[in-house]
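Here is a short tour of one protein chain, written for someone who likes cut-offs spelled out. Have a look at the model first, and then we can walk through it together.

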Amino acid sequence: MGCVSTSERLPEADPGRTARLREALRAANFTADGLLDLLGGPAYAALARSETVPALRATRGPSPLETLVRLFLLQQGVPRDRARDALPLDDALADGWLVPAPQTGGGTEGETEAGTEHGEARQPVRATVDVRPYSGPGGQDWWIVADLGCAVGGASGAGAGGPGGHGKDVVLGVGGASTTLAGITVRTPVARALDIGTGSGIQALHAAEHASHVTATDLNPRALAVARLTLALSGAADGVELREGALYEPVAGDEPYDLIVSNPPFVISPGARLTYRDGGMSGDDLCRTLVEQSAGLLAAGGHCQLLANWEHSQDEGWRDRLRSWVPPGCDAWIVQREVQDVTQYAELWLRDAGDHRGGEAEYAARYGEWLDEFERRGTTGIGFGWITLRKSGAEEPGIVIEEWPHPVEQPLGDEVVQHFERQDFLRATDDAALLDCHFRLAEGVVQEQVGMPGAEDPEHVVLRQQRGMRRATKVDTVGAGFAGVCDGSLPAWRILDAIAQLVGEDPVVLRDRTPEAIRLLVEQGFLLPVEGAA
């Protein structure tokens with residue numbers, strides 16, 4: 001089920017009628033938990049993959065929840081009497097959430113077709129937008145609005161258009177990128193937050209929970225209208241200011257923001273065909289611009305967090321490329337989560353745009369355009385990942401750029417805060433002071449020994465986190481012994497002296513060569529400094 005059109009007139013959001021609709025959705029248990037209970041795990045997961053058949057089979061009954069799923073997630077027409085049982089029908093029709101649906105000769109799902117004595121009551125209605133239940137971080141019941149067919153599983157051919165429209169300005173709902181960004185975002189209370197490229201409004205909705213003032217921007221006027229619906233239906237309309245424009249233009253001259261988030265149109269493509277994905281800049285310039293210009297709008301200590309794509313080339317290392325983006329006075333933590341070669345990348349976004357459904361010659365021509373562009377730019381691959389900046393004002397900012405494609409435990413917002421706190425500690429602590437510090441092993445760290453079966457000693461030892469980033473790092477026997485003893489009770493130098501005695505090494509030499517290893521374990525969160533230990 002792909003996004004088919006942007007020709008639909010979007011609903012209005014009259015405050016009173018929207019409040020009654022929200023209460024009806026909640027009363028029918030049209031929530032994330034309610035959907036899972038109704039559909040069951042397999043059908044719920046299939047729906048997230050845009051596969052609707054299992055959900056259709058699970059919603060053949062007359063309950064209000066089944067009716068709402070058919071209306072707002074499956075785009076099925078339902079008889080008016082069933083719709084009236086599920087929600088305030090007159091309100092929904094007045095604001096345009098529902099409109100009359102075309103009659104079919106066989107009725108709707110076995111119902112008697114209009115024209116009988118109950119025809120008026122059974123005249124079908126359909127939804128004009130997708131409405132997807134979404135659970136907030138504190139268990140809040142929220143609803144994300146999107147264009148028809150776009151609330152589930154991503155675009156699935158958003159650019160292919162359909163009856164009455166080309167889909168150029170289509171607005172997507174909740175996808176993997178949306179939830180990833182929401183999960184890694186720092187959620188400490190702040191005065192001012194900014195959401196660049198708000199789309200359906202999901203990041204602004206999250207930000208409104210912990211920011212006193214939220215500004216959300218988008219180049220696409222339709223996206224702003226959809227975001228307004230999301231915020232109104234979820235009860236957060238009063239907490240967010242919406243502005244039209246590209247990148248930082250709508251907020252130029254504003255007071256600094258404590259938090260900037262963006263899930264931008266980062267796709268590196270040969271042309272800006274789809275507003276939701278193509279930023280209209282060459283290569284990865286859009287993401288670079290967002291990063292470089294963020295410092296001018298960040299308050300001291302503020303964070304800028306975004307998802308991005310970046311180019312890999314034979315002439316420049318990707319880490320060097322990203323390091324050059326980081327503005328002065330900002331610490332950075334950049335994590336590359338995935339790399340695709342140019343053919344994989346082109347195929348992914350050709351399918352996303354629906355080009356695979358066209359003729360063979362047209363598809364080949366578009367595919368060629370992508371490869372021509374990459375060849376012209378010397379691009380060999382595309383990286384995808386997370387970029388977090390913190391405006392520290394440091395003369396020598398801490399910049400960590402790493403590759404970690406393995407599973408992590410969301411949410412990671414607290415881990416982001418702790419990462420920069422550890423950077424502050426390491427920047428302020430020289431090696432001599434480091435040896436005087438007390439450390440404790442982070443919760444959930446386990447040790448693995450790897451070697452041949454029957455060998456007396458392991459080939460190497462691995463420390464592995466079971467929480468957060470779930471990192472793994474090799475350590476030698478000294479590093480493993482040091483980490484295992486760290487419970488906050490002894491300074492590092494005392495532990496190293498005891499280890500030196502056990503292994504027969506000069507303690508002075510061991511103290512000299514170990515701080516680098518301790519710094520790495522602290523940076524990666526395996527060891528945590530103990531404040532106030534003497």
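Strand β14 (residues 438–441) and strand β18 run antiparallel and are joined by two bridges. His 438 has Pro 491 of β18 as its bridge partner. Strands count as paired here if DSSP finds at least two bridges between them, and helices (H or I, at least four residues) and strands (E, at least two) are DSSP runs, numbered from the N terminus.

These strands belong to an open sheet of three strands in the order β18-β14-β19, with antiparallel pairing. β18 (487–491) and β19 (527–529) are the edge strands, each pairing on one side only. From one strand to the next, the twist averages 35 degrees. Helix α18 (residues 492–503) packs on the sheet and touches β14 and β18, and its direction makes about 80 degrees with that of β18. Axes are lines fitted to C-alpha atoms, for helices over the stretch in contact, with angles from 0 to 180 degrees between N-to-C directions.

## How the model is read

This is a predicted model, in which local features need pLDDT of at least 70 and side-chain atom pairs count only at pLDDT 80 or more, while totals for chains, interfaces and linings use all residues. Residues are numbered from 1 along each chain as its sequence is written, and side-chain values use heavy atoms, with hydrogens and water left out.

## Two helices side by side

Helix α15 (residues 413–428) packs with helix α20 (residues 515–523) at an angle of about 155 degrees, their axes 9 Å apart. α15 is therefore roughly antiparallel to α20, a label for angles over 145 degrees. On the α15 side the contact (heavy atoms within 4.5 Å) is made by His 419, Arg 422, Gln 423, Phe 425 and Leu 426, and on the α20 side by Arg 519, Val 522 and Glu 523.

## A buried serine

Where does Ser 178 lie? It lies in helix α8 (residues 176–184). Ser 178 counts as buried because its relative accessibility is 8%, and buried means under 20% relative accessible area with a 1.4 Å probe, protein chains only. Leaving aside neighbours within four places in sequence, Ser 178 is in contact with Gly 173, Ile 202, Gln 203 and Asn 263.

## The chain as a whole

The protein chain has 20 helices and 19 strands, and buried residues make up 51% of its 534 residues. Along the principal axes, its C-alpha atoms fill a box of roughly 100 × 55 × 50 Å.

Conventions: Angles under 35 degrees count as roughly parallel, over 145 as roughly antiparallel, 65 to 115 as roughly perpendicular and the rest as oblique. Buried means under 20% relative accessible area, exposed over 50%, partly exposed in between (1.4 Å probe, protein chains only).
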